[in-house]
Amino acid sequence: MHEVPELECTACGMRRVGEWSDALCGCGADLWDIRRPTAQLDGERLKRLFDDRLALRSGPYSSGVWRYRELIAPEFPEDALVYRGEGNTGLYESERLAAFAGVRKLWLKAQSENPSGSFKDNGMAVAVTHGKLSGSTRFVCSSTGNTSASLAMYAAWAGLDAFVLAPAEGVSRTKVIQTLAYGACVIPFDGTYDDGIRFLREHARRLGLYVCNSVNPYRIEGQKSIAFELAQQLGWRTPDWIALPGGALSNVSALGEALEQLHALGMIDAIPRIALVQAEGASPFHAMLRDGAETLTPEPRPHTRASALNIGNPPSWRRALRALRVSNGLTVAVSDREIMEAKRVIDREGIGCEPASAATLAGVLRLRAAGRIAKDQTAACILTGHLLKDIEALEELHLTELSSGPLEAERLFM
């Protein structure tokens, strides 16, 4: 058995020591976070250690997640770690996109380069490792697509069974097919992602299923590695802003915790501001902050072309709120039209992304126009999903560009 860390309720702050399960805290309000003492850690020593591991080409520390094991899950035995080359994703500076957004410098952090094509792999490697260590063999999630593909891939790699609850509408068929290709059992249902989460909260333990959604704090621990790697790639410096899309809000939760951790250890000089971007048809968290409300009112019928953001009741909203407070961050909602235009621009840069990822650039553009981001500032956009994750979006944008008649090559090249 592995050492068990301390758990803290994100609503009432109660702490306890014990294995995580999908149960809520006794207050009934919210999820569990993992808390580990970090006072004994030496930030400068960790920098050297993490930099040394960059040269590794095999073993768990070649992973862009387990490279940071001391900050993620030091209690896990090294020989039990599940990994498949996750992390190690590119950070690309683009002068053209900086000019498009109106900022001094702009980077794209391409989590789309993960093995299953999305940022979910960073967290899933840790969640599946914990599940295996806990003796689980049957893993489950509710998903709009990327979580299901990631879970299915890791389960296949580790010889485990994966089950996916997939809304019958509002998800990318490409992602569902990818999930099926990895061998998961996909269960379509009438309803939303939120309905699937509600079902799992009520029945997963009775059915002997290990839940791999963002209600699982080990998912959050793994996703922190995105911020760790971004800081390392910039020489342990950070941009003024980090923009990321907001669906279930696990990514902003992880990012906030990671940046706070790095700053407390003296590994970065300042915490960058977080810009959380939601789609206008699925933006309950943005609406809560815009209206000055104290609790989130779910959107019962979320709708956006960016299917990965099509979530009306994000389970990690309290964690996300803490992340924004720590970083002095803010939220913005952008239209589907803005998202698809930003996607076109990113695709033409030779990197590409799915629509939800493009919300980041659309958000930076909107915030720059509103004067919330200054023209002399820098920003990093987290691209969460691969260009080929949503073939339907590509068809919408580009099928009309194909010639309907014979190709007149000579005329085209004149």
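This note sets out points on aromatic contacts and strand pairing in a predicted model.

1. Basis. Residues are numbered from 1 along each chain as its sequence is written, and side-chain values use heavy atoms, with hydrogens and water left out. Because the model is predicted, local features need pLDDT of at least 70 and side-chain atom pairs count only at pLDDT 80 or more, whereas totals for chains, interfaces and linings use all residues.

2. Aromatic pairs. The structure holds seven aromatic pairs (rings of Phe, Tyr and Trp, the last by its six-membered ring, with centres within 6.5 Å; planes under 30 degrees apart are stacked, over 60 edge-to-face, the rest tilted). In one of them, the ring centres of F50 and Y68 are 5.0 Å apart and the planes stand at 80°, so the pair is edge-to-face. F50 and Y68 are both buried (under 20% relative accessible area, 1.4 Å probe, protein chains only). Together with F228 and W236, F50 and Y68 form one aromatic cluster.

3. Charges over rings. The charged end of R53 sits over the ring of Y61, 3.9 Å from its centre; that of R84 sits over the ring of W157, at 5.9 Å. The criterion is NZ of Lys or CZ of Arg within 6 Å of the ring centre and within 35 degrees of the ring normal.

4. Two bridges join β6 (residues 138-142) to β9, and F139 stands opposite Y210 in β9.

Technical notes: Buried < 20%, exposed > 50% of the residue type's maximum accessible area, 1.4 Å probe, protein only. Pairing = 2+ DSSP bridges. Helix = DSSP H or I, 4+ residues; strand = E, 2+ residues; numbered from the N terminus.
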